[in-house]
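Here is a quick tour of a protein fold, helix by helix. Have the sequence and the 3D view open as you read.

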Amino acid sequence: MQAPIAGKAEGGVSGAARRKLESRRKLMAAARKLFVERGYHETRPQDISREAGVGHGTFYLHFEDKLDCFLAFTEEAANELEVFLQNHLARASSLEDGIREILLAIFEYSDANPGVLAATLTDVSVLSKGDTGRKMPADRWAEGWIAALEHWKADGEAVADLDTRLAGYLIVGAIKQGGAYGFRQKLERDVLIDGMARLFIRALKK
């Protein structure tokens, strides 16, 4: 049996590459924890490094700055939520079904990942020094609603004069604020989802 090439681990991945992947995994887990617990503004790169158990310089091997790290966190969360959304939308056959299934997916993800969506919806766009080439979660989720509304509009289910772009952003804002209100008031999840769904359906359905 041929001996492994020096510096290579089984599976063809070098030890250095494996360590780099592991340090990024630790940093992402630490960033997620701190952004949720403290918020963007109260979390520093050195806090993330300390929580991850790596040297502070390691942070800058993976991220340009705190904003870059935060955007990586929001992308990870958005990708996770997308899985929930796709699974739920596969069950929908109408505007009413679609709205309820999207809301169910959002709240199921929130239950499984407490505080993550609220943290990702922090508006940090004003902190960017230029075009990052990445979409903020609010933009990404609004675009998902816009696509669904365009589909329902084309099918004749949504009102014909609906401004789908404006509606998409309004819905994202309503869900954020409605979810916060429901949490403060300790509303049952099903009651909150039903209330939101009825409101959206009345506003959007032809």
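Predicted model: local features only at pLDDT ≥ 70, side-chain atom pairs only at ≥ 80, totals over all residues.

Of the 206 residues, 38% count as buried. The accessible surface comes to about 12000 Å², and carbon and sulfur atoms own 54% of that. As for how the chain folds back on itself, take the contacts between residues at least 6 apart in sequence: 62% of them join residues at least 24 apart.

| Helix pair | Crossing angle | Axis separation |
|---|---|---|
| α1 and α2 | about 120° | 8 Å |
| α4 and α5 | roughly 140° | within 9 Å |
| α1 and α4 | roughly 90° | within 10 Å |

**α1 against α2**

Let's start with α1 (residues 15–38) and α2 (residues 45–52), which pack at an angle of about 120°. That angle makes α1 oblique to α2, and the crossing is right-handed. On the α1 side, the contact uses Lys 26, Leu 27, Ala 30, Ala 31, Lys 33, Leu 34, Phe 35 and Arg 38. The α2 side brings Asp 47, Ile 48, Ser 49, Glu 51 and Ala 52. Sort the residues of this contact by class and you get seven nonpolar, one polar and five charged. An α-helix has 3.6 residues a turn, so residues three or four places apart point the same way.

**Around α2**

Which residues of α2 are buried? They are Pro 45, Asp 47, Ile 48, Ser 49 and Ala 52. Their cover includes α1, α3 (56–62) and α4 (66–89). Just past the end of α2, Gly 53 takes a positive phi of about 75°.

Is Gly 57 buried or partly exposed? Its relative accessible area is 49%, so Gly 57 counts as partly exposed. Its C-alpha atom is 9.7 Å from that of Pro 45, twelve residues away along the chain.

**α1 against α4**

Helix α1 also meets α4, and here the axes cross at roughly 90°. The two helices are therefore roughly perpendicular to each other. From α1, the contact takes in Arg 24, Met 28, Ala 31, Arg 32, Phe 35 and Val 36. Facing them from α4 are Lys 66, Cys 69, Phe 70, Ala 72, Phe 73, Glu 76 and Glu 80. The tally for this contact is eight nonpolar, no polar and five charged. Ala 31 and Phe 35 of α1 turn up here, and they are also part of the contact with α2.

**α4 against α5**

Finally, α4 runs up against α5 (residues 95–112), with axes that cross at roughly 140°. α4 and α5 are therefore oblique to each other, and their crossing is right-handed. α4 puts in Ala 77, Glu 80, Leu 81, Phe 84, Leu 85, His 88 and Leu 89. α5 answers with Gly 98, Glu 101, Ile 102, Leu 104, Ala 105, Ile 106, Glu 108 and Tyr 109. By class, that gives ten nonpolar, two polar and three charged residues. Glu 80 of α4 belongs to this contact and to the one with α1.

Methods: Residues numbered from 1 in each chain as written. Heavy atoms only, no water. Buried < 20%, exposed > 50% of the residue type's maximum accessible area, 1.4 Å probe, protein only. Contact = heavy atoms within 4.5 Å. Areas by Shrake-Rupley, 256 points an atom, 1.4 Å probe, with all protein chains shown as cover. Axes fitted to C-alpha atoms, helices over the stretch in contact; angles between N-to-C directions. Helix = DSSP H or I, 4+ residues; strand = E, 2+ residues; numbered from the N terminus. Parallel < 35°, antiparallel > 145°, perpendicular 65-115°, else oblique. Left-handed = near helix turned anticlockwise from the far one by under 90°. Nonpolar A, V, L, I, M, F, W, Y, C, P; charged D, E, K, R; others polar.
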